[in-house]
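Subject: Model handover and what turned up in it

Hi,

Here is the model I promised to pass on. Please open it alongside this note, and I'll walk you through the findings below.

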Amino acid sequence: MGFKEVKSAVESIANEKGIQENVVFDAIESALSVATKRRHGTEKEFRVAIDWENDEQSTYRIWHVVDPADMPFYQAEDQANGEELEERIAFNPEVHLTVEQAKERNPALEIGQTWEEPHENVNMGRIVAQISKQVINQEVRRAERERIVAEYRPRIGELVTGKVSRFLIHNKTKETRSVILELPQLAEGRLERENLIPIGDGKREILHKEDQVKAYLVDVSAEDRGQNLMLSRTHDGMLIELFKREIPEVHEDVIKIRGVARSPGRRAKVAVSTNDQRIDAVGSCVGIKGSRIQSISSEICGEKIDVFLWSEDPAELVLNAMAPAQIQRIEIDEETHSMDLVVEEHQSGSAIGEHGMNVRLASELTGWTLKVISREKYEEKIARQENYTVNRFVSALEIENKTAKDLFDAGYVNLEQVSEATAEDLTIASKTLDADGAQAIVDRAGDILLDEVLTGETREGTAVPADDLRYMAGMDDVLASQLAANGVVTMDDLAELSIDELLDIDESIDEKRAGDLIVTARKPWFEEFEEEEASNA
């Protein structure tokens with residue numbers, strides 16, 4: 001095949017496939033240059049130029065003008081330890097010219113420029129046809145990749161539907177590593193195993209060849225081996241897009257999805273809202289007899305979906321998110337951005353959910369750290385808190401027990417709150433106080449806090465135990481103070497102790513109580529581990 005024939009073939013295919021002729025011609029010339037170098041079997045460099053109109057080939061040998069003392073570096077790998085090293089390129093007279101040598105050929109040459117000399121052509125024969133065919137095929141594939149990427153990149157964040165065309169199998173485990181979907185426009189989407197919906201026991205949903213599958217388009221990238229349309233069926237966006245498809249009010253933005261949290265294949269929570277008071281946002285999403293939500297659930301392996309109303313009030317939002325569990329009381333801690341949810345004992349299971357799923361999803365969606373505690377344990381906690389606080393007020397503020405209890409009942413649980421109150425506030429909280437006595441208590445609380453800030457110690461001369469240690473189940477005021485005096489200030493500090501270390505601090509407790517205290521202090525660790533395991537399951 002001559003160059004004219006190659007030119008005609010390129011022009012024909014370029015028009016049909018939408019590729020650029022010049023790109024193909026340049027690639028063919030570059031490939032012929034490489035082939036020429038291989039034929040000579042040297043380190044010499046060549047450039048091949050084709051006159052496509054006149055069916056002529058020209059070959060040139062190339063030199064680069066360099067400074068031997070200032071050669072560039074290249075990255076090399078240290079075989080001993082695998083580290084990346086920089087090594088200087090060695091001067092090679094086959095491809096390099098010094099400035100002096102270059103000036104002999106052309107006085108205008110400078111460092112960084114190249115010098116070319118005509119060289120005899122190598123007779124390529126059938127190689128021209130082979131190279132041309134390879135280059136044309138590569139350019140056609142590249143053009144197809146770019147077309148598909150341009151087609152699908154604007155659709156990132158949408159649902160796509162494809163037919164299962166093949167599976168990529170892990171060589172060792174023989175498990176499905178990826179599922180390839182055949183998409184419109186001759187595109188292929190990839191569903192990695194971790195993006196398939198879990199169905200329990202470490203297994204993932206089973207797809208069969210020719211199955212029609214919906215998936216969420218996560219990302220689009222172009223690679224040498226083909227375009228990559230990365231898909232997912234576990235992404236939160238998958239659920240949002242299904243709502244848009246199945247519920248016209250969501251598609252038309254009459255109902256807004258304000259938050260989503262999923263444990264794919266098991267449970268999901270969706271918060272919705274609407275500005276149209278005539279519309280029941282939750283009822284519209286659920287549908288008559290649950291028809292709409294059931295249709296969505298069926299698409300994602302029967303995943304149970306809780307739909308509830310969004311609220312700007314964090315407490316109301318948490319109450320809605322925790323349904324169907326009945327929350328008796330909410331204790332909000334703004335400082336730690338957490339809430340304690342008090343429930344009846346028989347409601348604990350539904351509130352927490354299987355493997356902690358219900359409370360974890362509610363926490364994820366609302367953005368608050370949620371902890372479910374039974375009413376009995378809450379009352380025990382309040383009793384311990386009251387006992388500690390009243391004793392603390394009596395000893396530190398030098399007031400009577402009834403006055404201290406009045407302050408606690410009025411919501412004063414620490415010295416900070418007392419110091420920030422007014423004398424009028426305290427007289428309202430306790431009828432045993434007059435204005436002067438109340439002001440004296442406020443001033444005394446402020447003085448104590450100032451001392452603690454400056455010294456890190458209470459008036460009794462011990463370190464201040466943290467609230468979690470003070471109110472921990474099984475703890476009493478005396479032991480908490482003694483532990484704090486020995487540097488054990490928080491529950492985490494106590495959790496890190498051994499039984500012998502705890503007995504060394506307080507010999508009055510027995511080994512069983514010491515063990516129970518340490519187990520209680522470590523309980524949050526185990527709960528966090530179980531939640532993480534459940535999340536990863």
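Val179 stands opposite Leu191 in β9, while Phe167 has Val179 as its bridge partner in β8. A word on the labels: helices (H or I, at least four residues) and strands (E, at least two) are DSSP runs, numbered from the N terminus, and two strands pair if DSSP finds at least two bridges between them. This is a predicted model, so local features need pLDDT of at least 70 and side-chain atom pairs count only at pLDDT 80 or more, whereas totals for chains, interfaces and linings use all residues. Residues are numbered from 1 along each chain as its sequence is written, and side-chain values use heavy atoms, with hydrogens and water left out.

Strand β7 (residues 159–169) and strand β8 (residues 176–183) run antiparallel and are joined by six bridges. Strand β9 (residues 187–192) is also antiparallel to β8, with six bridges joining them. The hairpin of β7 and β8 has six residues between the strands, and Lys174 there takes a positive phi near 65°. The hairpin of β8 and β9 has three residues between its strands, and Gln185 in the turn has a positive phi of about 65°.

Two three-stranded sheets

Next, an open sheet of three strands has the order β14-β15-β16, with mixed pairing. Its edge strands are β14 and β16 (304–309), each of which pairs on one side only. On average, neighbouring strands of this sheet are turned by 20° against each other, direction ignored; axes here are lines fitted to C-alpha atoms, for helices over the stretch in contact, and angles run from 0 to 180 degrees between N-to-C directions. Strand β15 (residues 267–274) pairs with β16 in the parallel sense over six bridges, and Ala271 has Phe308 as its bridge partner in β16.

Another open sheet of three strands has the order β17-β18-β19, again with mixed pairing. Here β17 (329–333) and β19 (369–374) are the edge strands, each pairing on one side only. Strand β18 (residues 338–343) is parallel to β19 over six bridges, and Ser338 finds its bridge partner in Thr369 of β19.

Helix α9 (residues 314–322) lies across β17, β18 and β19 and runs at about 50° to β18; contact means heavy atoms within 4.5 Å. In the loop between α9 and β17 you will find Pro324. The peptide bond that joins Ala323 and Pro324 is cis, with omega about 15°. As background, most peptide bonds are trans, and most residues other than glycine have a negative phi.

Asp253 is not a glycine, yet has a positive phi of about 70°. Asp253 sits in the loop between α6 (248–251) and β14 (255–263). With a relative accessible area of 45%, Asp253 is partly exposed; buried means under 20% relative accessible area, exposed over 50%, and partly exposed in between (1.4 Å probe, protein chains only).

Glu398, in the loop between α12 and α13 (401–409), takes a positive phi of about 60° just after α12. Glu398 is exposed, with a relative accessible area of 62%.

Helices

Helix α12 (residues 375–397) has 23 residues and reaches 31 Å from its first C-alpha to its last, close to the 33 Å expected at 1.5 Å a residue. That expected span is 1.5 Å times one less than the number of residues. The buried residues of α12 include Tyr378, Gln385, Arg392 and Phe393.

Val6 lies in helix α1 (residues 3–17) and counts as buried because its relative accessibility is 1%.

A side-chain contact for you

The charged end of Arg105 sits over the ring of Trp63, 5.5 Å from its centre. For that call, NZ of Lys or CZ of Arg must be within 6 Å of the ring centre and within 35 degrees of the ring normal.

Happy to talk any of this through once you have had a look.

Best wishes
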